Amino acid sequence: MKKVLLEMEDQKNSYEQKAKESLQKVLEEKMNAEQQLQSTQRSLAQAEQKCEEWRSQYEALKEDWRTLGTQHRELESQLHVLQSKLQGADSRDLQMNQALRFLENEHQELQAKIECLQGDRDLCSLYTQDLQGLLQNQSLQLQEQEKLLTKKGQQIYYHKF
């Protein structure tokens with residue numbers, strides 16, 4: 001009877017040990033699964049953020065495309081009108097030449113405006129670079145002042161003791 005009880009006790013201990021090992025393994029698997037879940041959730045959040053950025057860019061590009069399409073259709077319509085006029089009677093040739101000169105003048109004016117704006121942009125760029133240099137110098141000066149104040153504070157602190 002004692003032998004049976006000892007065997008049963010050994011079996012019980014064996015089962016408990018196996019149960020503990022199984023439970024430990026399950027806990028480790030659970031922790032691994034939770035870590036993978038967290039990693040996956042971070043990846044999902046990043047992917048969703050990237051998706052939102054792409055969606056925003058897509059919407060902006062779609063709106064630009066729509067605007068360009070409208071402008072293209074308008075210009076295409078204007079082109080057809082001009083082509084029809086060119087195919088018209090000789091009496092319209094003078095009018096078409098005047099319209100062409102008007103468009104050329106407008107193009108030259110726009111080209112001049114573009115060159116002027118490019119010059120303004122270059123000046124702004126130089127100004128921005130100058131400001132960045134000033135800000136960098138001020139930042140360095142502030143850092144130096146902070147170091148000096150820190151040293152003085154430490155000297156005062158050690159002087160008190």
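Glu59 and Lys62 are joined by a salt bridge in which the closest N and O atoms are 3.6 Å apart, a salt bridge being a side-chain nitrogen of Lys or Arg within 4 Å of a carboxyl oxygen of Asp or Glu. The model is a predicted one, in which local features need pLDDT of at least 70 and side-chain atom pairs count only at pLDDT 80 or more, while totals for chains, interfaces and linings use all residues. Residues are numbered from 1 along each chain as its sequence is written, and side-chain values use heavy atoms, with hydrogens and water left out.

Both Glu59 and Lys62 belong to helix H1, where they lie 3 residues apart, about one turn of the helix; helices (H or I, at least four residues) and strands (E, at least two) are DSSP runs, numbered from the N terminus. Glu59 is partly exposed at 38% relative accessibility, and Lys62 is partly exposed with a relative accessible area of 31%. On this scale buried means under 20% relative accessible area, exposed means over 50%, and partly exposed lies in between, with a 1.4 Å probe and protein chains only.

In general, side chains of opposite charge can pair when their charged atoms come close.

| Salt bridge | N to O distance | Relative accessible areas |
|---|---|---|
| Glu59 and Lys62 | 3.6 Å | Glu59 38%, Lys62 31% |
| Lys30 and Glu34 | 3.9 Å | Lys30 49%, Glu34 38% |
| Glu53 and Lys50 | 3.9 Å | Glu53 37%, Lys50 44% |

Lys30 and Glu34 are separated by about one helical turn because they are 4 residues apart in helix H1. Glu53 and Lys50 also both lie in helix H1, at a spacing of 3 residues, or about one turn of the helix.

Elsewhere in helix H1 is Glu7, which counts as partly exposed at 43% relative accessibility. Between Glu7 and Leu37 there are 30 residues of separation in sequence and 44 Å in space, C-alpha to C-alpha.

A nonpolar surface patch of about 470 Å² is made by Met1, Val4, Leu5 and Met8. Patches are made of residues with over 30% relative accessible area and no salt bridge, with like charges joined within 9 Å and nonpolar side chains (Val, Leu, Ile, Met, Phe, Trp, Tyr) within 5 Å; the accessible areas come from the Shrake-Rupley method with a 1.4 Å probe, and for residues only the protein chains shown count as cover.

The largest pocket holds about 150 Å³ of space. A pocket is an open set of points on a 1 Å grid over the protein atoms alone, where a 1.4 Å probe fits, with protein on both sides within 12 Å along at least five of seven lines, and lining residues have an atom within 4 Å of a point. The lining of the largest pocket consists of Leu79, Leu82, Gln83, Leu86, Met96, Asn97, Ala99, Leu100 and Leu103. Helix H1 (2–86) and helix H2 (93–160) are the elements that give two or more residues to this lining, and H2 gives the most, with 5 residues. By type, the lining of the largest pocket divides into 7 nonpolar residues, 2 polar and no charged, where Ala, Val, Leu, Ile, Met, Phe, Trp, Tyr, Cys and Pro count as nonpolar, Asp, Glu, Lys and Arg as charged, and the others, Gly among them, as polar.

How values were computed
Points joined across faces, edges and corners; volume = space filled by probe spheres on them.
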